[in-house]
Amino acid sequence: MSTTTTDVQSHGGHGEPDNPHHQHHFATMEQQFDTSKLGMWLFLATEILLFGGLFVGFGLMQSRYPREFIEAHEHLKQDVFGRPFPLYGAINTIVLLVSSWTMVMGVNAAQTDQKKKTVRYLVLTILLACVFLGIKYVEYSHKFHDGLLPGMFYAHQSEDLIKGTHGYATFFAFYFMMTGLHGIHVLVGIGLLSWLVVRARRGEFSSEYYTPVDLVGLYWHIVDMIWIYLFPLYYLIS
Amino acid sequence: MSSLTESHTQHTEAHAHHGGPKIYTANLFALLFLTVITVAAASFNFGSANVVIALAIATVKAILVGLFFMHLIWDKPVNAIILIAAFLFLGIFLMFDFLDVGTRDHLQPRNMPNMDNATPVPDSMNPLKAAPPQPLTPAPAAEEHK
């Protein structure tokens with residue numbers, strides 16, 4: 001009984017019940033934060049399993065059509081100084097890594113009460129996400145033009161026999177499904193980041209309460225982590 | 001009471017000051033450096049080791065993102081356990097799928113028309129083309145029951 005009293009008193013001492021973001025069913029702000037974070041991590045685990053299924057499918061098909069996959073991935077490369085190089089893929093990797101850095105800097109700014117900096121870093125992250133999607137658009141339109149479309153839409157014309165085979169079309173089916181699903185995640189990320197920018201501009205985040213910034217940050221990093229695996233598997237097969 | 005408050009203040013301080021721009025920036029450069037290494041490694045031919053090297057570097061990058069950008073190194077271990085569990089189950093999924101496919105003669109059911117010209121099913125193994133099975137001879141014992 002006496003411990004309960006001290007507990008209540010100690011909470012009063014922190015001024016935590018005064019925080020407008022503190023929901024009554026949590027004992028402390030810290031407990032509330034940890035609970036939200038745990039929920040986010042469980043969601044991220046399902047994201048890994050969602051993409052994991054596609055990665056396993058890709059791996060199985062690559063072991064079945066190794067020759068076709070190597071031939072097909074040449075279409076993801078561009079001519080750089082007379083040598084084939086995965087230019088778009090490499091630039092996008094760098095763009096996404098830098099955007100992960102701006103994101104974590106935004107979280108750090110929110111944690112340390114630097115409200116203007118928070119907004120600035122979040123806007124930078126959105127801009128980098130748009131650059132990523134812009135490059136993806138250029139890449140996709142080249143493939144569309146060549147008829148390298150997924151599944152029944154595959155219409156590539158070539159004298160080379162291997163390009164008409166099942167394995168060649170399978171590569172592009174997986175390529176569009178996996179990079180497409182990843183691209184949808186980037187789009188969702190832009191939406192979430194825009195919502196954060198609106199709230200950050202209202203000055204809602206502080207060292208006392210920055211849970212949404214932190215959780216969207218985690219989401220953004222898992223999107224980056226998935227691209228870290230997509231890039232070598234699609235663009236650097238040999 | 002005072003010790004409780006004190007320990008809590010220390011805790012929140014540790015919460016707010018972990019990480020920091022210097023560590024994040026160093027981590028970014030490490031990640032960019034590893035990206036250059038992956039691209040460079042892909043231009044050499046190590047045979048089947050190429051995939052292993054690419055995945056190993058990608059995993060190091062994923063660990064760096066997880067530890068520093070996702071704060072797992074400073075976090076309560078429960079979050080890291082969830083991430084590791086997800087990868088563990090993905091590993092089990094991957095392993096059993098490859099064990100299954102790797103130990104089969106044929107990827108498709110034997111009576112299915114072949115989709116690719118890599119491994120044609122021999123006629124003797126194709127129930128559609130093989131000789132029809134011999135009809136069973138009627139049992140001579142049927143009469144005796146009557």
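User: In this predicted model, is A:F81 buried or exposed?
Analyst: A:F81 is found in the loop between β1 (78–80) and β2 (83–85) of chain A. Its phi is near 50°, a positive value in a residue other than glycine. Because A:F81 has 5 C-beta neighbours inside 10 Å, the residue counts as exposed.

User: Which pattern of elements does chain A follow along the sequence?
Analyst: Chain A holds seven helices and two strands. Buried residues account for 35% of its 238 residues. Read along the sequence, the pattern is α-α-α-β-β-α-α-α-α.

User: Among contacts in chain A between residues at least 6 apart in sequence, what percentage join residues at least 24 apart?
Analyst: A contact here requires C-beta atoms, placed from the backbone, to lie within 7 Å. Of the chain A contacts between residues at least 6 apart in sequence, the share that joins residues at least 24 apart is 70%.

User: How are α4(A) and α5(A) oriented to each other, roughly parallel or roughly antiparallel?
Analyst: Helix α4 (residues 87–111) and helix α5 (residues 115–146) of chain A have axes that come within 8 Å and cross at roughly 165°. Angles over 145 degrees count as roughly antiparallel. Therefore α4(A) is, relative to α5(A), roughly antiparallel.

User: What is the handedness of the crossing of α4(A) with α5(A), and how many nonpolar residues does their contact have?
Analyst: The crossing in which α4(A) passes α5(A) is left-handed. By class, their contact has six polar residues, three charged residues and, as the number asked for, 18 nonpolar residues.

User: Is A:D113 exposed or partly exposed?
Analyst: A:D113 is found in the loop between α4 and α5 of chain A. Its phi is positive, about 65°, although A:D113 is not a glycine. Because A:D113 has 14 other C-beta atoms within 10 Å, the residue is partly exposed.

User: What distance separates the end C-alpha atoms of α7(A)?
Analyst: Helix α7 (residues 211–235) of chain A is mostly covered, with 21 of its 25 residues buried. At 1.5 Å a residue, its 25 residues should span 36 Å. The distance between its end C-alpha atoms agrees with that span, so the value is 36 Å.

User: With which residues is A:T211 in contact, leaving aside its neighbours within four places in sequence?
Analyst: A:T211 has its place in helix α7 of chain A, and with 18 other C-beta atoms within 10 Å the residue is partly exposed. Its C-alpha atom is separated by 9.4 Å from that of A:Q111, 100 residues apart along the chain. Leaving aside neighbours within four places in sequence, A:T211 is in contact with A:F33 and A:S36.

User: What percentage of the residues of chain B count as buried?
Analyst: Chain B has four helices and zero strands. From the N terminus on, its elements run α-α-α-α. Of its 146 residues, the share that counts as buried is 12%.

User: How do α2(B) and α3(B) lie relative to each other, roughly parallel or roughly antiparallel?
Analyst: The axes of α2(B) and α3(B) are 10 Å apart, and the helices pack at an angle of about 170°. By class, their contact has 15 nonpolar, three polar and one charged residues. Among the residues that meet are B:L31 and B:L34 in α2(B) and B:I57 and B:L64 in α3(B). With angles over 145 degrees counted in this class, the two helices are therefore roughly antiparallel.

User: Which helix supplies the largest share of the side of chain B that touches chain A?
Analyst: The contact takes 42 residues from chain B and 43 residues from chain A. On the chain B side, α1 (2–17), α2 (21–42), α3 (49–69) and α4 (77–102) each supply at least two residues. By class, that side has 29 nonpolar, nine polar and four charged residues. The largest share, 13 residues, comes from α4(B).

User: Which residues of chain A does B:D97 contact?
Analyst: B:D97 has its place in helix α4 of chain B. With 15 C-beta neighbours inside 10 Å, B:D97 counts as partly exposed. Leaving aside its neighbours within four places in sequence, B:D97 is in contact with A:V56 and A:L60.

Note on methods:
Residues numbered from 1 in each chain as written. Chains lettered and ligands numbered in written order. Predicted model: local features only at pLDDT ≥ 70, side-chain atom pairs only at ≥ 80, totals over all residues. Axes fitted to C-alpha atoms, helices over the stretch in contact; angles between N-to-C directions. Parallel < 35°, antiparallel > 145°, perpendicular 65-115°, else oblique. Left-handed = near helix turned anticlockwise from the far one by under 90°. Nonpolar A, V, L, I, M, F, W, Y, C, P; charged D, E, K, R; others polar. Contact = placed C-beta atoms within 7 Å. Buried ≥ 20, exposed ≤ 12 C-beta atoms within 10 Å, placed from the backbone. Expected span 1.5 Å × (residues − 1).
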